Amino acid sequence: MIAGFRNTALRRALTSSALASCGTAKTGLAKSQFLRGIVSATNAGGTQSVTGVIKHDHRELEDYYNRIISTNDPDEQARYQNLFVWELARHSIGEELVVYPAFEKFLPSGEQMATKDRKEHQLVKEKLYEFQNLKPGDARFATTLLALFKDLKQHMKEEEEEELVALEGAIEDGHSEKLARSFERTKMFVPTRSHPRAPDKPPFETVAGLMTAPLDKVRDMFTKFPID
């Protein structure tokens, strides 16, 4: 009963915190999408693997990218630009704090793999930093996004087809689900914009993230997101 109470209380606290960081409904960020991570992170009976949650993020990023490039409406482009930045920033740090340390711990070549991925992340973060400061009408808006996504797409492909396959084969039953829940929880508390000069390894990345995230979340309150 006590455990049930703690889980219920945690869920309520996280939901309240998340909605507060969203700001009022005028932000337009769909509540169901924002709360997906909370439900996953607080659901002790969840069975989704770390590969599953990462692939889900990848498909979302592909969707946001396609929505930006498939419309000529500046307002819609700006809304999905903000959502793309919001998701990619959180996803990248979540991987660096949870997934890459797992590579290093469980895979024989994990340290080299994690180092390579962090270097690739750095390139993406630098381009994301540039992209997040552009507006749809800027001359470099489309070319910056295309260059960013070209690098990101290759990175995601290698993760899905090689690295995560190796990790899943090296860890015990149940550990993938634990990593998935840790990954989703971590994303709730990290910065929501790109900060390429920040550290990219724990514990320094954790400290920097905790200092930067509140400022990003205040900014999110005044940022336009897709309505649904």
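## Aromatic cluster

In this predicted model, one aromatic cluster is formed by Phe 84, Phe 131 and Phe 141. A search of the whole structure returns 6 aromatic pairs.

Phe 131 has a relative accessible area of 0% and is buried, and Phe 141, at 3% relative accessibility, also counts as buried. The ring centres of Phe 131 and Phe 141 lie 5.1 Å apart with their planes at 45°, so this pair is tilted. The pair links distant parts of the chain, with Phe 131 in helix H6 (residues 110-132) and Phe 141 in helix H7, 10 residues apart.

## The pair of Trp 86 and Phe 225

Among the 6 aromatic pairs found in the whole structure is that of Trp 86 and Phe 225, whose ring centres are 6.3 Å apart and whose planes stand at 70°, so the arrangement is edge-to-face. Because Trp 86 belongs to helix H5 (residues 74-106) and Phe 225 to the segment after helix H9 (204-220), the pair ties together parts that are 139 residues apart in sequence.

Trp 86 is buried at a relative accessible area of 5%, and Phe 225 is buried at 3%. The ring of Trp 86 also has the charged end of Arg 90 sitting over it, 4.0 Å from the ring centre.

Glu 159 is found in helix H7, which spans residues 141-170. Although Glu 159 is buried, it has no salt bridge, and the nearest side chain of opposite charge, that of Lys 116, is 7.7 Å away.

The side chain of Glu 159 does make a polar contact, at 3.0 Å, with the side chain of His 155. Leaving aside residues up to four places away in sequence, Glu 159 touches Ile 54, His 58, Glu 95, Tyr 100, His 121 and Leu 164.

Terms used: Residues are numbered from 1 along each chain as its sequence is written. This is a predicted model: local features need pLDDT of at least 70, side-chain atom pairs count only at pLDDT 80 or more; totals for chains, interfaces and linings use all residues. Side-chain values use heavy atoms; hydrogens and water are left out. Helices (H or I, at least four residues) and strands (E, at least two) are DSSP runs, numbered from the N terminus. Buried means under 20% relative accessible area, exposed over 50%, partly exposed in between (1.4 Å probe, protein chains only). Lys and Arg count as positive and Asp and Glu as negative; His and the chain ends are not counted. A salt bridge is a side-chain nitrogen of Lys or Arg within 4 Å of a carboxyl oxygen of Asp or Glu. A polar contact is a pair of N or O atoms within 3.5 Å; within protein, one must be able to donate a hydrogen and the other to accept it, and residues adjacent in sequence count only if both atoms are side-chain atoms. Contact means heavy atoms within 4.5 Å. Rings of Phe, Tyr and Trp (its six-membered ring) pair if their centres lie within 6.5 Å; planes under 30 degrees apart count as stacked, over 60 as edge-to-face and the rest as tilted. A charge sits over a ring if NZ of Lys or CZ of Arg is within 6 Å of the ring centre and within 35 degrees of the ring normal.
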